[in-house]
Amino acid sequence: MDSELGELWQVLPLASLASSVSLPEPKSSAGRPGWFDVEQAMSVMFLKHYEAHSDAKIIENLNFHIGYQLFSGVVLAEDQKIKDTTLLSSWRSKFGHSMDVYFFQSILQHHWKGHISDKNVCKMDASCMESYITYPTSIKLLWRALEWLNSRIKEVCKQLKRAKPRNKFKEQKKKQREYQLLKKPSHQKRLKRQKALLHHVNVMIHQLESLSVDHLKTSHQERLLIIKAMFEQQEQCFNQPESKIENRIVSLHKPYVRPIIRGKENKPLEFGAKIHMYQVDNFDFIEYIDFNNFNETTRFKSTIDHHQVHFGEVKQAAADRIYHTNKNRTICNDSKINHNFTPKGTPPKDPIIAKQKRKLREILSVDRGTRLGGGFWQY
């Protein structure tokens, strides 16, 4: 218990966190045991991120490191060894589908409340947690859809013992390779390639549907619906380039991901979930998360309310320039909250009070920028 892992284990309410997630016990397969229950899988997740290891590395260390086994509660016999490196990935998927992030976080807030100082200071900011997808272009999306449709048509024809309908997939595959070898394809070549892909995706969608969609797996039927929605969006984009497309699909395997315009000089466009976070002492908490873009300035009042529910009255608030709206200033004035907003109107007549307020704004701004804003890279 005196080691770093022991101290971490003591501050984590693993039993309470596990009980907040309703998941069935993992079934054994191929005669092997289900290695983790919910609490053990959760403890291994914490261990993975604390040690900053990959899934394969944490499984390897778990096989030989007694400290890891004691932390997670997965004590292995001498002749036992976990070889499945996809265990954590499957558990992560289960947690992602069934976990209520806000309720999960409230358990941690209640448990850690006694360890948090400076509970009257609230610092907030927004960022985008990027998803691992290749940069989407119309040609990439359409080509991947074409590849997927061709594979499914082959599968269904094999099941039905029918001849594969004629299409020009092989010809398009050759043309796609030629296009990919071009360093800087001209605008005319891009349009020509995009038009051809749109035509062939449409043809192969109708071919697959005519064969019988009932022979597809449920997951494949869902993917087909995604491809049809993407095709309609890309067709609209091709025919009406200036039209605005809502809920634009940028990834076939992650259709929920949306482009988030952040306005950064080095990366104006990001793909992933946008989160609004607030910090109390050195503890960061999620106030709001959404894959669709939202204006973080509108989350100021709800963040103050959220802070007051869990940590009590807010006396000081810090946020970057985008939050310095008249509405947020009014909220601070009505609640008597000191802030780091750029001052408006006439300055205080007393030079001492003016200096104190300026000093407080500087401290809050630096603290927010270094401790909250500077910590986003860790996520």
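How many disulfides does the structure hold?

## Cysteines

The structure holds zero disulfides, a disulfide being a pair of cysteine sulfur atoms within 2.5 Å. For Cys122, the nearest cysteine sulfur is that of Cys332, 9.9 Å away. Cys122 is buried, at a relative accessible area of 0%; buried means under 20% relative accessible area, exposed over 50% and partly exposed in between, with a 1.4 Å probe and protein chains only. Cys237 also counts as buried, at 18% relative accessibility.

## Basis of the model

This is a predicted model, in which local features need pLDDT of at least 70 and side-chain atom pairs count only at pLDDT 80 or more, while totals for chains, interfaces and linings use all residues. Residues are numbered from 1 along each chain as its sequence is written, and side-chain values use heavy atoms, with hydrogens and water left out.

## Second largest pocket

The second largest pocket has about 880 Å³ of space. A pocket is an open set of points on a 1 Å grid over the protein atoms alone, where a 1.4 Å probe fits, with protein on both sides within 12 Å along at least five of seven lines; lining residues have an atom within 4 Å of a point. Grid points are joined across faces, edges and corners, and the volume is the space filled by probe spheres set on them.

Of the 31 lining residues, Cys237, Ile245, Arg248, Val250 and Pro259 are the closest to the centre of this pocket. Elements that each supply at least two lining residues include α8 (138-160), α11 (218-239) and β3 (269-280); helices (H or I, at least four residues) and strands (E, at least two) are DSSP runs, numbered from the N terminus. The most comes from α10, with four residues.

In helix α1 (residues 4-11), the buried residues are Leu5, Gly6 and Leu8. Seen down the axis of α1, these fall within an arc of 160 degrees, so they line one face of the helix; the arc is that of the directions from the helix axis to the C-beta atoms. They pack against α3 (38-51) and α5 (66-72).

Helix α4 (residues 55-64) contains Asn61, which is buried at a relative accessible area of 17%. Beyond its neighbours within four places in sequence, Asn61 is in contact (heavy atoms within 4.5 Å) with His53 and Tyr68.

## Positive phi values

Asp118 is not a glycine, yet has a positive phi of about 50 degrees. Asp118 lies in the loop between α7 (101-112) and β1 (121-130). Lys336, in the loop between α13 (326-335) and β6 (338-339), has a positive phi near 55 degrees. Lys336 counts as exposed, at 73% relative accessibility.
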